[in-house]
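Here's a quick briefing to read alongside the model.

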Number of protein chains: 2
Amino acid sequence: MKKLINAVGDVVPEMLEGLVAGAPGLVLLEGQTVVLRRDHARLGGRVALVSGGGAGHEPAHGGYVGPGMLTGAVVGDVFTSPSTDAVLAAVRAIAEGGSASGVLLVVKNYTGDRLNFGLAAELARAEGTDVEMVVVGDDVALAADGHHAGRRGLAGTVLVHKVAGAAAERGDDLAGVRALAQRVADDVRSMGVSLGACTVPAVGEPGFSLAEDEVEWGLGIHGEAGVERGAIASADDTAARLVGAVAEDAGLSDGDRVVLLVNDLGATPPSELDIVARGALAHLRERGVTVERMWVGRFLTALDMPGCSVSVLPVDDELLGLLDAPTETAAWPAPH
Amino acid sequence: MKKLINAVGDVVPEMLEGLVAGAPGLVLLEGQTVVLRRDHARLGGRVALVSGGGAGHEPAHGGYVGPGMLTGAVVGDVFTSPSTDAVLAAVRAIAEGGSASGVLLVVKNYTGDRLNFGLAAELARAEGTDVEMVVVGDDVALAADGHHAGRRGLAGTVLVHKVAGAAAERGDDLAGVRALAQRVADDVRSMGVSLGACTVPAVGEPGFSLAEDEVEWGLGIHGEAGVERGAIASADDTAARLVGAVAEDAGLSDGDRVVLLVNDLGATPPSELDIVARGALAHLRERGVTVERMWVGRFLTALDMPGCSVSVLPVDDELLGLLDAPTETAAWPAPH
């Protein structure tokens, strides 16, 4: 294992210290691996948004904390759900500030996250805080009705943050923000491909191995293998397979309007991402689908995994307006 | 070689097509690998800024084209200077628009780039266009007076783009923009470390090999080995060595004010970059240096190389104001 880290056990607290040091608008919650907006007690009656999950998905979710997106991010160990206590501490810190009109939790669909965020929500409600929760499961590689814990949450989660964050910022109430977040969670779909495994620091070696001409299709974001191993294809064919699966699952057809997120899983250079983005765009256009916006970069990763995912979200003018609304975060791109 | 590309010869044009497809403010110059602001003929008398060089450094330089930074980026083959003709075509396209008060070329200090950008500047001047050129050589791994072509241009170049772009945007004349660009080029210093080689698509295999516990110190951005091979150190020690070399070279001392750029060379996950950033910040603080701003991410890469560089620029209030000025580009981060 070759990584720019100090002690393996310090990876999460130290990366958060680094993140916060470079972002004057952020603070760490004392004694917790929780990133908060510095002004989390001055939200002016807006709804607060809290997300999080295991570490290893950077810039998710700490990089999305700031005006227009998240109020806080609760971070567990690498690929491990944060504790109920950590989530509750984040919600309490915001509730104690007294300036939030309720808290929405945005959770990726993994058993540990559902459990710990869900329990924290119950406990916070018992303390009198208005809390709602939306679960994101955007991975089309798993059939929606298969024998598993449900579709996994992937990079589409970031679009839930963006839309719900903009709705909270403009002053929507908790029911309204929740409804928009749920709509995006219901409609966004993603699929990924990996060119190699990632290495969890505490494990020290890659989670699987691939031959020089092999890729894993339909993988998650925790270093596990995908649903199918196959031969590496051209960027255009790769993009077509990924975005084609998403488009089929979503039932996209001629005249539909969508946004497209092309996400680096960790170690894919921007040049390759841009080539995949070009292919994904061409494929959607062939289907008669209008791509209203496209973002290409690192949004939700699996440590140092080479590969990418594509996420597609059908949109109307209201969603586009919320997606275009300004943010002040480390990781959501500036308008351009 | 395992890459998300189509034909090797199509990497550069296709990545630029992808970049431009996701950025409505950009266009490609017909028949050239040149990215321009769509409004390059409506600059309102402002100075135009053109940079570029070999491909493989994405998001540099196409990702910095937009209001507040570059007017255009001229892109060669991977790690190969663009031709004189390509640079001249970019300058001509801007000059023909008739709305620019001169063109400043920002060039990284490599023989091919100096030659091709320099010759294009001469030819454009002969055509009556006001052109100036600033060369950036920020790499402290090479002694300033050694037997080589001079210090190499590294990620510090992006800070030249940012400062000069903001000066152009506020309406400074060519001499003024040039002077600010030259000041940043003179003062910015960088040093990098690599944990492995990158793979040039047309070559198909890594440029060097390193043992599991080895790194290359003081490397450039073209896949070449560094000035010294050594054992991998902790992130804190790595950061201290990089930023220490930069601080010594710059003669930084107690009370100095700087900005810090921590740059991924291509395949380093954000978690590791944030840990290095934390260490670099701690080292500068120990020296009594005030870090006024810090940016952490992918700014100027060497394809898929794992590793990072740090760049330090001494600043005053004027430079800070220019660094804080808004931009609309794919790759410069939003304020946060």
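Chain A exposes about 11,100 Å², with carbon and sulfur atoms supplying 48% of that (Shrake-Rupley method, 1.4 Å probe; for residues, only the protein chains shown count as cover). Bear in mind that this is a predicted model, where local features need pLDDT of at least 70, side-chain atom pairs count only at pLDDT 80 or more, and totals for chains, interfaces and linings use all residues. Residues are numbered from 1 along each chain as its sequence is written, chains are lettered from A and ligands numbered from 1 in the order in which they are written, and side-chain values use heavy atoms, leaving out hydrogens and water.

**Overall build of chain A**
- Chain A has eight helices and twelve strands (DSSP runs numbered from the N terminus: H or I of at least four residues for helices, E of at least two for strands).
- The C-alpha trace of chain A spans about 55 × 50 × 40 Å along its principal axes.
- Of the 336 residues in chain A, 62% are buried (under 20% relative accessible area; exposed is over 50% and partly exposed in between, with a 1.4 Å probe and protein chains only).
- Take the contacts in chain A between residues at least 6 apart in sequence: 73% of them join residues at least 24 apart (contact means heavy atoms within 4.5 Å).

**Two copies**
- Chain B superposes on chain A through a rotation of 180 degrees with 0.0 Å of shift along the axis, at RMSD 0.0 Å (least squares on C-alpha atoms of residues with pLDDT of at least 70 in both).
- The two copies are thus related as by a two-fold rotation axis.
- The same surface serves both copies, as 100% of the contact residues of chain B recur in chain A.

**Helix α1 of chain B**
- Eight of the eleven residues of α1(B) are buried, including V11(B), M15(B) and L19(B).
- Those buried residues pack against parts of both chains: α7 (270-286) and β11 (290-297) of chain A, plus β1, β2 (34-37), β3 (48-55) and β4 (72-78) of chain B.
- A23(B) sits in the loop between α1 (11-21) and β1 (26-28) of chain B, and it is buried at 2% relative accessible area.

**Buried spots in chain A**
- T157(A) belongs to helix α4 (residues 156-169) and is buried, with a relative accessible area of 0%.
- Beyond its neighbours within four places in sequence, T157(A) contacts H61(A), V106(A), K108(A), V136(A), D138(A) and L300(A).
- I221(A), in the loop between β8 (214-217) and β9 (228-231), counts as buried at 2% relative accessibility.
- Most residues other than glycine have a negative phi, and most peptide bonds are trans.
- F79(A) has a positive phi near 60 degrees; it lies in the loop between β4 (72-78) and α2 (84-97) of chain A and is buried at 18% relative accessibility.
- L303(B) also isn't a glycine, yet has a positive phi of about 50 degrees; it is buried at 4%.
- Cis peptide bonds join E58(B) to P59(B), with omega about 15 degrees, and A60(B) to H61(B), with omega about 0 degrees.
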